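I opened the notebook to record what I looked up in this structure. The entries follow the order in which I went through it.

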Amino acid sequence: MSTTQSERLRGLLEPLVAKTGLDLEEITVTSAGSRRQLMVVVDSDDGVQLDTVAELSREIAQVLDDTDAMGQGEYVLEVSSPGTDRPLTTPRHFRRNEGRLVKLTLNNHEELIARIIALDETGLDLEVPGIKGRKPKPRRVEFAEIAKARVEIEFNRKNKDDDVDAADTADADTDSDNDESIEEA
């Protein structure tokens, strides 16, 4: 997708997304033969509700139909929340995952798996799990030190406040990651 088309789509869609209280995370146009797909990824601090995504998808489809932003050919519109494998690239991504386990690759190629305890405008306060019965250790990592980061999926994590069944916790952690709506344009 050309930068011009990307900027035009972002300029066109960002106000619609913001109106719903969501953040526009990503716009991707891919082609496969004569078919094209427009993927719009949205997120918020409170997660993404399926009804909100469905309504937003209808509004985006209408705006795209009223303009020539996608040209005259057919395309498939997909509006979705980011999956759990999405890279964490901005401070808001880390903020939305506070309390979760993350895998970091640092600029010096060190790999680190740790829980986000707190963060500020410059970096993360982490808890590195202890190995072989040792106590967890605190560690500070500045955003500038992080080359790559992703959430580590935990299936057996217990809630600190009560004894929630691990399966219920895993289900709650992944529910908003599967919200999506697909429409033909």
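Entry 1, elements. Before listing the elements I note how they are named: helices (H or I, at least four residues) and strands (E, at least two) are DSSP runs, numbered from the N terminus. I am working with a predicted model. I read the order from the N terminus as α-β-β-α-β-α-β-β-β-β-β-α-β. I have four helices and nine strands in the protein chain.

I looked up the overall values next. The protein chain has 185 residues, and 37% of them count as buried. Its accessible surface comes to about 11000 Å², with 47% of that belonging to carbon and sulfur atoms. For contacts between residues at least 6 apart in sequence, I noted that 55% join residues at least 24 apart.

In which order do the five strands of the open sheet stand? I wrote down β7-β6-β5-β4-β8, with antiparallel pairing. The edges are β7 (137-142) and β8 (146-151); each has a single partner strand, so one side of each has no neighbour in the sheet. On average, neighbouring strands of this sheet are turned by 40° against each other, direction ignored.

I then took one pair from inside this order. Strand β5 (residues 111-119) runs antiparallel to strand β6 (residues 123-128), and four bridges join them. In this region I found A118 standing opposite D125 in β6.

I searched for S44 and found it in the loop between β2 (35-43) and α2 (50-66). Is S44 buried or exposed? Its relative accessibility is 9%, so S44 counts as buried, the cut-off for buried being under 20%.

I looked at what the side chain of S44 meets. One of its polar atoms lies 3.2 Å from the backbone nitrogen of D46. The backbone oxygen of G47 lies 2.6 Å from a polar atom of the S44 side chain. Setting aside neighbours within four places in sequence, I listed G21, L22, D23 and R96 as the contacts of S44.

How far apart are the closest N and O atoms of the salt bridge between R96 and D23? I read 2.1 Å. R96 lies in the loop between α3 (91-95) and β4, and D23 lies in strand β1 (residues 23-32), so this pair ties together parts that are 73 residues apart in sequence. R96 counts as buried because its relative accessibility is 18%. D23, at 26% relative accessibility, counts as partly exposed.

R139 forms a salt bridge with E110, the closest N and O atoms being 2.8 Å apart. R139 lies in strand β7 and E110 in the loop between β4 and β5, so the pair ties together parts 29 residues apart in sequence. I noted R139 as partly exposed, with a relative accessible area of 27%. E110 is partly exposed as well, with a relative accessible area of 29%.

R115 forms a salt bridge with E154, and the closest N and O atoms are 2.8 Å apart. R115 is in strand β5 and E154 in the loop between β8 and α4 (166-174), so the pair ties together parts 39 residues apart in sequence. R115 is buried, with a relative accessible area of 13%. E154 is buried too, at 18%.

I also checked for shared partners. Salt bridges that share partners join D23, E25, D43, D45, R86, R92, R95 and R96 into one network.

Most residues other than glycine have a negative phi, so I looked up two exceptions. H109 is not a glycine, yet its phi is positive, at about 75°. H109 lies in the loop between β4 (101-106) and β5. Its relative accessible area is 68%, so H109 is exposed. K132 has a positive phi near 55° and is likewise a residue other than glycine. I found K132 in the loop between β6 and β7. K132 counts as exposed, at 82% relative accessibility.

Notes:
Residues numbered from 1 in each chain as written. Predicted model: local features only at pLDDT ≥ 70, side-chain atom pairs only at ≥ 80, totals over all residues. Heavy atoms only, no water. Buried < 20%, exposed > 50% of the residue type's maximum accessible area, 1.4 Å probe, protein only. Polar contact = N/O pair within 3.5 Å; in protein donor to acceptor, adjacent residues only side chain to side chain. Contact = heavy atoms within 4.5 Å. Pairing = 2+ DSSP bridges. Axes fitted to C-alpha atoms, helices over the stretch in contact; angles between N-to-C directions. Areas by Shrake-Rupley, 256 points an atom, 1.4 Å probe, with all protein chains shown as cover. Salt bridge = Lys/Arg side-chain N within 4 Å of Asp/Glu carboxyl O.
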